[in-house]
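Biologist: I'd like to go through a model with you, feature by feature. Could you show me how to read each one?

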Amino acid sequence: AESTLGAAAAQSGRYFGTAIASGRLSDSTYTSIAGREFNMVTAENEMKIDATEPQRGQFNFSSADRVYNWAVQNGKQVRGHTLAWHSQQPGWMQSLSGSALRQAMIDHINGVMAHYKGKIVQWDVVNEAFADGSSGARRDSNLQRSGNDWIEVAFRTARAADPSAKLCYNDYNVENWTWAKTQAMYNMVRDFKQRGVPIDCVGFQSHFNSGSPYNSNFRTTLQNFAALGVDVAITELDIQGAPASTYANVTNDCLAVSRCLGITVWGVRDSDSWRSEQTPLLFNNDGSKKAAYTAVLDALNGGASSEPPADGG
Ligand code: XIL
C-alpha cells in the first residue's frame, strides 16, 4: 500500500490532484502537504481569463506561472483551467458581444495555449456552459449569445493551438445521471463525437452539498460518458461535511471506470476551500488528516489498507 494520495492513485495509472492558489505558496504547511500528497495541480484562479488577459491583447502569466512552476518543480503535472467561461471575464470581455466577442475568445485561447504549448496535460477549454434546472438549455451568457456554435469553435481553436493537450468540457451539477443538465451535456458530447468536433475528456466538478448531493448513479454517469469515447475526470471535488463514506464512494466510482483519469480536490485544508464553512476537504485547518483522507487513501490502495488481505497476499 502507498502512503500518499498521488502515489496510491498512480498504482492504477491515475493521478490525485489539488487546486493550488498562488497566494498560499508562501505557507509552508500548505506547500508541505500539497508537495507530499498530490501529483496533479490546477490553478484555482490564476489561469482564468481575467488573470491571463487583463487588457485585451495584453497577456499576463505571472501568477499562472507561479503555480505552474511550483507544480513542475515539485514533480507534478498541470491541468489548465479555463479558457472560455461566462464567469471571471475581464471587464473588457464582459462588454463585448457578437463577432467581436467571438474573435476575442479565439484570440484568448490562442494566446494562453501558445504560452503553455506542450506543457498542460488537460485543458478545461469550456467551463459551465449549461443552465441549472430542468430545462437542459445552454446557460445564457455573452458567449452563448455570440452563437450556439461557440463551444465547438473553442474546441477546434484549442486543438489547433496545442495538439498535445487533452481537451475537456467541464461543468457542475452533471454527476447525477437523471438530471436534465447531465443529459444535455451527454447529448452535446455525443454530437461532438459524431461530427468530429475535437473533444477528449469531460470534467465533473463534483461540488457535492445538500442542494446537489452525491448519488450512487455517478458511476453510471462516468461509464456512459466513457462509452461515448471520451476520458472522464473528477476535477473540483469537495463534499459538504466531508463524510468519509462519500469520499470513498466517489473514489471507487473513478476506480471502477477505466477511462477515469484521476481525481482533483478543490483545495488542500478546509481553510483553503472556497466553501470553507462547509469543511469539505481532506485536511483540517492545522494540516492534520481527516477521516475522509484515510477513506480515500484506503480506496486508492484497493480497500482497507490498514489490514492485510485475508489470504495473506
Ligand atoms: C472558484 C475559486 O475557488 C474561488 O477562489 C473564486 O473566487 C471563484 O471560483 N467552478 C469552477 C472554479 O470551475 O473555477 C470555481 O473556483 C468553483 C466553481
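Modeller: Happy to. Let's begin with the cysteines: number the bonded ones in sequence order and the pairing comes out as 1-2, 3-4. Keep in mind that this is a predicted model.

Biologist: How many disulfides does the structure hold?

Modeller: A disulfide is a covalent bond between the sulfur atoms of two cysteines. Here there are 2. One joins Cys168 to Cys201, with an S to S distance of 2.0 Å. Its torsion about the S-S bond is -90°, which makes the link left-handed. Cys168 sits in strand E5 (residues 166–171) and Cys201 in strand E6, so this bond ties together parts that are 33 residues apart in sequence. Both Cys168 and Cys201 are buried.

Biologist: And which cysteine is joined to Cys254?

Modeller: Cys260, at 2.1 Å from S to S. The torsion about that S-S bond is about -100°, so this disulfide is left-handed. For burial, look at relative accessible area, where under 20% counts as buried. Cys254 has 1%, so it is buried, and Cys260 has 2%, so it is buried too.

Biologist: Next, the rings. How many aromatic pairs are there?

Modeller: You look at ring centres within 6.5 Å, then at the angle between the planes, with over 60 degrees called edge-to-face. By this rule the count is 14. Take Trp177 and Tyr186: the centres are 5.2 Å apart and the planes are at 90°, an edge-to-face pair. Tyr186 is at 16% relative accessibility, so it counts as buried. Phe204 and Phe225 are also edge-to-face, at 5.4 Å centre to centre and 80° between the planes. That pair links distant parts of the chain: Phe204 is in strand E6 (residues 201–204) and Phe225 in helix H10 (residues 218–226), 21 residues apart. Phe204 and Phe225 are both buried.

Biologist: Which residues form one aromatic cluster?

Modeller: Trp177, Tyr186, Phe204, Phe208, Tyr214, Phe218 and Phe225.

Biologist: Now the ligand. How many residues surround it?

Modeller: There are 13, and the closest are Glu44, Lys48, His81, Glu236 and Trp266. Then check the polar atoms. A polar side-chain atom of Glu44 is 2.4 Å from a ligand oxygen, and one of Asn45 is 3.0 Å from a ligand oxygen. For Glu128, a polar side-chain atom lies 3.0 Å from a ligand nitrogen. Taken alone the ligand exposes 410 Å², and the protein buries 78% of that.

Biologist: What about the backbone: where is there a cis peptide bond?

Modeller: Check omega. The bond between His81 and Thr82 is cis, with omega at about -5°. Thr82 belongs to strand E3 (residues 77–85), while His81 is one of the closest residues to the ligand.

Biologist: I'd also look at phi. What is the phi of Gln88?

Modeller: Near 50°, a positive value in a residue other than glycine. Gln88 is in the loop between E3 and helix H5 (91–94). With a relative accessible area of 28%, Gln88 is partly exposed.

Biologist: And Ser206, buried or exposed?

Modeller: Buried, at 0% relative accessibility. Ser206 has a positive phi of about 65° although it is not a glycine. Look for Ser206 in the loop between E6 and strand E7 (207–208).

Technical notes:
Residues numbered from 1 in each chain as written. Predicted model: local features only at pLDDT ≥ 70, side-chain atom pairs only at ≥ 80, totals over all residues. Heavy atoms only, no water. Phe/Tyr/Trp six-rings, centres within 6.5 Å; stacked < 30°, edge-to-face > 60°. Buried < 20%, exposed > 50% of the residue type's maximum accessible area, 1.4 Å probe, protein only. Helix = DSSP H or I, 4+ residues; strand = E, 2+ residues; numbered from the N terminus. Near = heavy atom within 4 Å. Polar contact = N/O pair within 3.5 Å; in protein donor to acceptor, adjacent residues only side chain to side chain. Areas by Shrake-Rupley, 256 points an atom, 1.4 Å probe, with all protein chains shown as cover. Disulfide = S-S within 2.5 Å.
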